[in-house]
Amino acid sequence: MNIVVLVKQVPDTWSERKLTDADHTLDRESADAVLDEINERAVEEALLLQEAHGGEVTVVAMGPDRATDAIRKALSMGADKAVHVSDEALHGSDVLATAKVLAKAIGTVEGFDLVIAGNEATDGRAGAVPAILAELLGLPQVTQVRKLTVEGGVIKAERETDEGLAFLEANLPAVVSVTEKINEPRYPSFKGIMAAKKKPVTTLTVADLGLDAGEVGLGAARSRVLEAAPKPPRSAGQRVEDSGDGGSKIAEYLVGQKLI
């Protein structure tokens with residue numbers, strides 16, 4: 001089976017993240033960039049299905065030129081090829097524009113059976129792209145999956161909710177989003193890292209996909225940040241000296257903060 005995996009390069013969660021002063025979009029140059037961890041799990045699930053059923057795994061990404069590092073990480077894990085949509089016009093795109101671009105990019109992959117994505121990216125955390133993408137592609141969607149199998153032309157999925165487990169089925173082709181419980185991603189081997197350098201990566205622009213630049217980017221976004229301020233630094237706190245009445249002082253403080 002031929003599988004498409006959506007991947008995204010995001011700022012490392014351990015580095016300082018901030019918005020730009022100019023347009024209040026994410027400042028991607030100020031932080032270390034990595035392949036989103038949930039995307040590693042999406043790639044791993046695609047590779048497991050490929051090992052069981054054969055076929056090909058294609059990585060699709062949208063992002064600036066530096067996103068090739070994230071793409072190569074997915075290729076080093078074992079994916080076969082990649083499609084990278086890179087265009088300055090995409091800066092500031094909202095989730096709907098992002099899904100439009102990804103749908104067009106997926107359309108360049110011939111004969112795909114399954115699209116796998118993470119349930120949400122760690123930078124925007126909208127969690128809406130897989131569902132919008134399924135609607136645009138006219139495919140069934142199975143979201144928030146923690147276990148996935150394929151039998152014939154049907155996918156069977158297990159989703160965990162607050163009420164318990166839900167068991168879902170859908171005919172292929174379909175769109176699936178996975179959670180962090182789906183698997184533990186493999187580490188790229190040295191052989192995989194070297195092989196990734198030779199795997200094909202097709203780079204496309206907005207025009208290549210048949211889209212107008214006015215349909216994407218910050219100018220077309222249906223929401224935007226108008227103002228932002230950095231989080232204030234932590235105060236030193238209040239120190240309580242215990243002269244035999246420390247407990248009473250702490251209780252008074254908690255009452256004053258309406259905590260008790």
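Strand β7 (residues 141-151) pairs with strand β8 (residues 154-161) in the antiparallel sense over 6 bridges. Helices (H or I, at least four residues) and strands (E, at least two) are DSSP runs numbered from the N terminus, and two strands pair if DSSP finds at least two bridges between them. The model is a predicted one, in which local features need pLDDT of at least 70, side-chain atom pairs count only at pLDDT 80 or more, and totals for chains, interfaces and linings use all residues. Residues are numbered from 1 along each chain as its sequence is written, and side-chain values use heavy atoms, with hydrogens and water left out.

Within this pairing, K147 has E158 of β8 as its bridge partner, and E151 stands opposite V154 in β8. β7 and β8 form a hairpin with 2 residues between them. In the turn of that hairpin, G152 has a positive phi of about 65 degrees. β8 is also joined to β9 by 8 bridges, and these two strands run antiparallel. Here too there is a hairpin, which joins β8 to β9 through 2 residues. The bridge partner of T161 in β9 is G164.

## The sheet

These strands belong to an open sheet of 9 strands with mixed pairing, in the order β9-β8-β7-β10-β6-β1-β4-β5-β11. The edge strands, each pairing on one side only, are β9 (164-171) and β11 (201-204). On average, neighbouring strands of the sheet are turned by 30 degrees against each other, direction ignored. Axes are lines fitted to C-alpha atoms, for helices over the stretch in contact, and angles run from 0 to 180 degrees between N-to-C directions.

## Helices α3 and α4

Helix α4 (residues 129-137) lies across β1 (2-7), β6 (114-118), β7 and β10 (174-178). Relative to β10, α4 runs at about 175 degrees. The axes of α4 and helix α3 (residues 95-106) come within 9 Å and cross at roughly 50 degrees. That makes α3 oblique to α4; angles under 35 degrees count as roughly parallel, over 145 as roughly antiparallel, 65 to 115 as roughly perpendicular and the rest as oblique.

The crossing of α3 and α4 is right-handed, a term used if the near helix is turned clockwise from the far one by less than a right angle, with anticlockwise giving left-handed. On the α3 side, the contact (heavy atoms within 4.5 Å) is made by V95, L96, T98, A99, K100, L102, A103 and I106. On the α4 side, the residues are V129, I132, L133, L136 and L137. By class, this contact has 11 nonpolar, 1 polar and 1 charged residues. Ala, Val, Leu, Ile, Met, Phe, Trp, Tyr, Cys and Pro count as nonpolar, Asp, Glu, Lys and Arg as charged, and the others, Gly among them, as polar.

## Helices α1 and α2

Helix α1 (residues 37-53) packs with helix α2 (residues 68-77) at an angle of about 30 degrees, and their axes are 10 Å apart. That makes α1 roughly parallel to α2. The crossing of α1 and α2 is right-handed.

In α1, E40, V43, E44 and L47 meet K73, A74 and M77 of α2. The class count for the contact of α1 with α2 is 4 nonpolar, no polar and 3 charged residues.

## Backbone details

The peptide bond from L172 to P173 is cis, with omega near 0 degrees. P173 is placed in the loop between β9 and β10.

Positive phi also occurs in residues other than glycine. H24 has phi near 60 degrees, and its place is in the loop between β2 (9-11) and β3 (33-35). K258, which is not a glycine, has a positive phi of about 60 degrees and is found in the segment after α6 (246-256).

## Annotated region

An unreviewed UniProt entry places the feature "domain: Electron transfer flavoprotein alpha/beta-subunit N-terminal" at residues 23-213. UniProt positions are given in the numbering used here, feature names are shortened, and annotations may be inferred rather than shown by experiment. Over residues 23-213 the chain is 29% helix and 29% strand. The end C-alpha atoms of this stretch are 18 Å apart.
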